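Please keep the sequence and the structure at hand while reading.

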Amino acid sequence: MDSIKIFIPATVSNVTCGFDILGFPVEAPGDIMIFRKTEKKEIHIIRIKGADNLPYDADKNIAGVVSRKMLEEAGMPFGLEIEMEKGIKPGSGIGSSGASAAGTAVAVNNLLDSRFSKKELVPFAMLGEISASGTRHADNVAPAIYGGFILIRSYEPLDIIRLDYPGDLYCAIIHPMVEIRTKDARDILKKNLALKNAVKQWGNVAGLIAGLFRKDYDLIARSMEDVIAEPVRSLLIPGYDRLKKAALQAGALGCGISGSGPSVFALTRGEETARRVKQALSRAYKNTGINYHTYVSKIATDGVKILSDLNSV
Ligand code: HSE
């Protein structure tokens with residue numbers, strides 16, 4: 001295979017109480033990336049569409065950083081030309097940097113004849129997250145690579161678990177067009193937790209996971225509470241309280257900040273409720289003067305999809 005075209009889904013990470021440890025992909029929006037092997041052993045980003053401020057310098061671009069590390073570990077058998085179409089806006093909170101990193105890891109691995117296992121791809125992709133925000137978190141890249149509802153039980157050593165979840169679990173998302181950098185949204189978090197809050201948070205994480213396995217929607221709803229990041233980060237999101245109230249009134253099981261924001265997501269039982277919640281989110285945002293996009297999706301069972309091996313088209 002000399003080239004490959006892939007689709008990488010957006011991801012909702014944290015999922016309220018699971019800061020840095022829970023995430024899932026959605027069916028749309030997503031990015032498209034194309035990778036072509038070159039004889040010259042250099043990496044070039046040749047096209048970026050849909051994002052103005054991403055660097056073309058391969059040492060600064062996430063796709064360049066991740067692919068260089070993988071190719072170097074493989075003995076630099078070839079170089080690459082990379083094209084990126086960003087359907088997921090940077091700074092949106094739905095895994096934009098994670099998509100570039102995870103997509104690169106999966107695509108380059110395919111061009112390397114699957115030399116690395118899925119689990120080995122995650123640390124490569126996390127390098128992209130470090131270059132974007134300075135932190136090594138996997139709650140966007142692992143769901144984008146594996147698909148499904150993902151728990152990162154441990155980072156050292158890396159322990160990734162695919163969780164069971166009810167088939168009719170849907171998600172509504174609103175993405176207000178303001179940019180929040182993950183680094184800034186992390187810097188404002190308190191570095192120490194009160195024991196009382198920690199107990200609350202891990203009770204909710206355990207409850208959410210038990211609820212997913214047992215298909216117990218009341219338990220899922222009761223557990224979707226974040227006493228750590230939401231109280232601080234919600235202040236960065238215009239109209240956050242109004243959005244959350246609207247989602248819950250329209251029947252959402254729970255509602256929270258997607259990743260580091262500004263996107264806000266809600267989980268629902270069934271597609272019809274998700275559509276109702278999406279309308280309620282839109283209505284709640286109408287008079288803010290801020291543009292926004294909304295999405296409804298199932299929790300996607302697939303992560304990165306290979307659209308074509310370009311040789312075969
Ligand atoms: N878990 C990360 C954070 C996700 O909340 O900072 C960032 O996309």
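**Cavity and ligand site**

In this predicted model, the largest cavity is lined by Asn14, Thr16, Phe19, Gln201, Asp226, Ala229, Glu230, Arg233, Gly256, Ile257 and Gly259. The volume of this largest cavity is about 70 Å³, and a search of the whole structure finds one cavity of 30 Å³ or more. The ligand, for its part, sits in the largest pocket.

**The shell around the ligand**

- The residues found around the ligand are Ser13, Asn14, Phe19, Asp20, His137, Asp139, Asn140, Thr182, Arg186, Arg233, Gly259 and Ser260.
- Sorted by class, this shell consists of one nonpolar, seven polar and four charged residues.
- Both domain 1 (3-163 + 301-307) and domain 2 (169-298) contribute to the shell around the ligand, each with at least three residues.

**Polar contacts and cover**

- In the side chain of Arg186, an N or O atom is placed 2.7 Å from an oxygen atom of the ligand.
- For Arg233, a polar side-chain atom lies 2.8 Å from an oxygen atom of the ligand, and Arg233 is also listed among the residues that line the largest cavity.
- Asn140 likewise has a polar side-chain atom, at 2.9 Å from an oxygen atom of the ligand.
- On its own the ligand has 260 Å² of accessible area, of which the protein covers 97%.

Key
Residues numbered from 1 in each chain as written. Predicted model: local features only at pLDDT ≥ 70, side-chain atom pairs only at ≥ 80, totals over all residues. Heavy atoms only, no water. Near = heavy atom within 4 Å. Polar contact = N/O pair within 3.5 Å; in protein donor to acceptor, adjacent residues only side chain to side chain. Areas by Shrake-Rupley, 256 points an atom, 1.4 Å probe, with all protein chains shown as cover. 1 Å grid on protein atoms, 1.4 Å probe; cavity = no way out; pocket = protein on both sides within 12 Å on 5 of 7 lines; lining within 4 Å. Sits in = over half its atoms within 2 Å of the grid points. Nonpolar A, V, L, I, M, F, W, Y, C, P; charged D, E, K, R; others polar. Domains from an automatic or database assignment. Points joined across faces, edges and corners; volume = space filled by probe spheres on them.
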